[in-house]
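Hi everyone, thanks for coming. Let me put the model on the screen and walk you through a few parts of it.

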Amino acid sequence: MSLSNDVAMQVAISSGLIEQIVALAAAEPVREVCGLLLGDRTSIADIAVAANVAADPARTFEVDPAVQFAAIRAARAGGAAVLGCYHSHPLGSTVPSDCDRAMIGRIGELWLITDGVSVRVWRANTLTSFAEVELVEATAGCVTS
Ligand SMILES: [Zn+2]
């Protein structure tokens, strides 16, 4: 499977990983928490927790660049791909904000947003807009190829 650039509009994630992200957000009710989503084209397999280094972490987020560089290096060395990022909205929305739309880095990246209760995943379909991605339960222990 190498011919297309398109990204599945459905992505698998384990309930355990969702619970981990929700718990991280719930533990920081006045700051946005953030990190990276790792996996492959069809599934979010892991996260890299990062410090939020934004100037105003109550209202926005910026993933610690050191974590980003480390993840990119690991991916190039054969590790999981960096699919996108997750962050929380302490004020309780799982929809991308205007600020989020302005921070899209590349088309196709995945953005998981949690309000500390539930999560939704969005895919950047242009450099200024998102489309929601359907989440499906990951099958434990499933290894491709
Ligand atoms: Zn946001």
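Helix H2, residues 65-76, has twelve residues and reaches 16 Å from its first C-alpha to its last, close to the expected 16 Å. That expected span is 1.5 Å times one less than the number of residues. After H2 comes Gly-78, with a positive phi near 105°.

Two notes on what we're looking at. This is a predicted model, so local features need pLDDT of at least 70 and side-chain atom pairs count only at pLDDT 80 or more, while totals for chains, interfaces and linings use all residues. Residues are numbered from 1 along each chain as its sequence is written.

Stepping back, the protein chain has three helices and seven strands; helices (H or I, at least four residues) and strands (E, at least two) are DSSP runs, numbered from the N terminus. In sequence order the pattern reads β-α-β-β-α-β-α-β-β-β.

What are its partners? E5, residues 110-114, runs antiparallel to E6 and is joined to it by five bridges; strands pair if DSSP finds at least two bridges between them. Trp-111 has Trp-122 in E6 as its bridge partner. The E5 and E6 hairpin has four residues between the strands, and there Gly-116 takes a positive phi near 90°. E7, residues 130-137, is also antiparallel to E6, with four bridges, and Val-121 stands opposite Val-133 in E7.
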